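Work through the following exercises with the sequence and the model open side by side. Each task is followed by a solution that goes step by step.

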Amino acid sequence: MGVTQQQVQDALAKVATPRGVALTNAGVLSPISASDGKVFFSINVEASEARAWESVRAAAEAAVRAIPGVEVAMVALTAERKAGSAAPPPQHRHAQGVQNVASHRPPGGASPMAKQAEIPGVAAIVAVASGKGGVGKSTTALNLALGLRDLGLRVGLLDADIYGPSVPRLTGLREKPQLSDDRKMIPLQRFGLSIMSIGFLVEEETAMIWRGPMVMSAVTQMLRDVVWGKLDVLVVDMPPGTGDAQLTLAQTVPLKGAIIISTPQDLSLIDARRGLAMFRKVNVPVLGIIENMSYFQCPHCGTKSDIFGHGGARHEAERLGVPFLGEIPLHISIRTTSDAGTPVVESEPSGPHAAIYRAIAAKVRDQLQGAIAAA
């Protein structure tokens, strides 16, 4: 029998708040999601009280985890300003719309980067990001991970795209992660990769209507509460854009680099610039730019057509002084193998597209050699 909302409510009723009342009577709980051993909810308080409530959040999460049958518990603390209260001073904003690391400093002047901590056993963590959705980021991240595997590296893949997890579909995985003796999630294994995704914990059609703190909590938990084991590289498939998930990752673990995915047209490149600017502002090295859907290659005659233009990402990389990692065509075999859960590097290892992904992976590996060798 699964965990019920009433069981969660009963457990939370035993957690005291700074106001001296039970958590369930404090009027701060969001609706509770409880199904298949997974419990998600948030605690919503005023920003001025957030620090005092962090211990309550931790106690609530511990209480829920202690309920028999609970496998995963994610409890976020949401802090909001009162209506009409002052917003952060405008001088902390920058032209690109991304705040500098210094503007995220908590009271007392401590850098948020001081919270960074290595993941035991993982030599290098690499973020695969895009400024906008629909550019083939997840497909590229998976095939890049497989390319690194083919170079003899031990590789993991974390699907951190909270709102639109694609890795379950791309890998054909439908199982739920098991728990270790210390109640950490054990990543699923496929194609020689260790794989974790929020999509393994929720149903495919579930709408992830999560606020920023819940997203941050989920990303942190999938980094820290997973038994990754010994890995040379952990590839992280990020959500598109420049939001909470990206900042959480940069502030939680020391990223060895970020890879930007873009299509050739100007509209995609504008957003790619924003993504690149964000990583630079949080002091994450940019390993390079990949131009996906670089050209259409007819599967019948082999003719190439520049449907979205061509070479825009290469020119942008040269202009910004970052490596250009390669061009990936828009080809039906990449699409069909991805939809079938058998990515092209795995299903057509001797084909031209697998060779492209492996060549890109080799360039990434070369930039990570120092981190991998030191592990």
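**Exercise 1: Helix α2**

In this predicted model, helix α2 spans residues 50–65, and its 16 residues reach 22 Å from the first C-alpha to the last, close to the 22 Å expected at 1.5 Å a residue. Determine which residues of α2 are buried and where they lie around the axis.

Solution. Begin with the relative accessible area, for which buried means under 20%; by this cut-off A50, W53, V56, R57, A60, E61 and V64 of α2 are buried. Next, consider their directions: these residues cover an arc of only 140° around the helix axis, so they lie on the same side of α2.

**Exercise 2: Salt bridges**

State how many salt bridges the model contains, and find which residues are linked with E54 in a network.

Solution. Take as the criterion a side-chain nitrogen of Lys or Arg within 4 Å of a carboxyl oxygen of Asp or Glu; by this rule the count is 15 salt bridges. Then follow the network that includes E54, in which R57, E61, R65 and D225 are also linked by salt bridges.

**Exercise 3: Pairs between separate parts of the chain**

Describe the salt bridge of K137 with D161, and then the salt bridges that D150 forms with R149 and with R358.

Solution. In the pair of K137 and D161, the closest N and O atoms are 3.7 Å apart. Because K137 lies in helix α3 (residues 137–150) and D161 in the loop between β5 (155–159) and α4 (167–171), this pair ties together parts that are 24 residues apart in sequence. Both K137 and D161 are buried.

Now move to D150, which is partly exposed, with a relative accessible area of 34%. Its closest N and O atoms with R149 are 2.8 Å apart, while for the salt bridge of D150 with R358 the corresponding value is 3.2 Å. The latter pair links distant parts of the chain, since D150 belongs to helix α3 and R358 to helix α11 (residues 352–374), 208 residues apart. R358 counts as partly exposed, at 22% relative accessibility.

**Exercise 4: Aromatic rings**

Find which charged residue sits over the ring of Y295.

Solution. The charged end of K304 sits over the ring of Y295, 4.6 Å from the ring centre.

Key
Residues numbered from 1 in each chain as written. Predicted model: local features only at pLDDT ≥ 70, side-chain atom pairs only at ≥ 80, totals over all residues. Heavy atoms only, no water. Lys NZ or Arg CZ within 6 Å of the ring centre and 35° of its normal. Helix = DSSP H or I, 4+ residues; strand = E, 2+ residues; numbered from the N terminus. Buried < 20%, exposed > 50% of the residue type's maximum accessible area, 1.4 Å probe, protein only. Expected span 1.5 Å × (residues − 1). Arc of directions from axis to C-beta.
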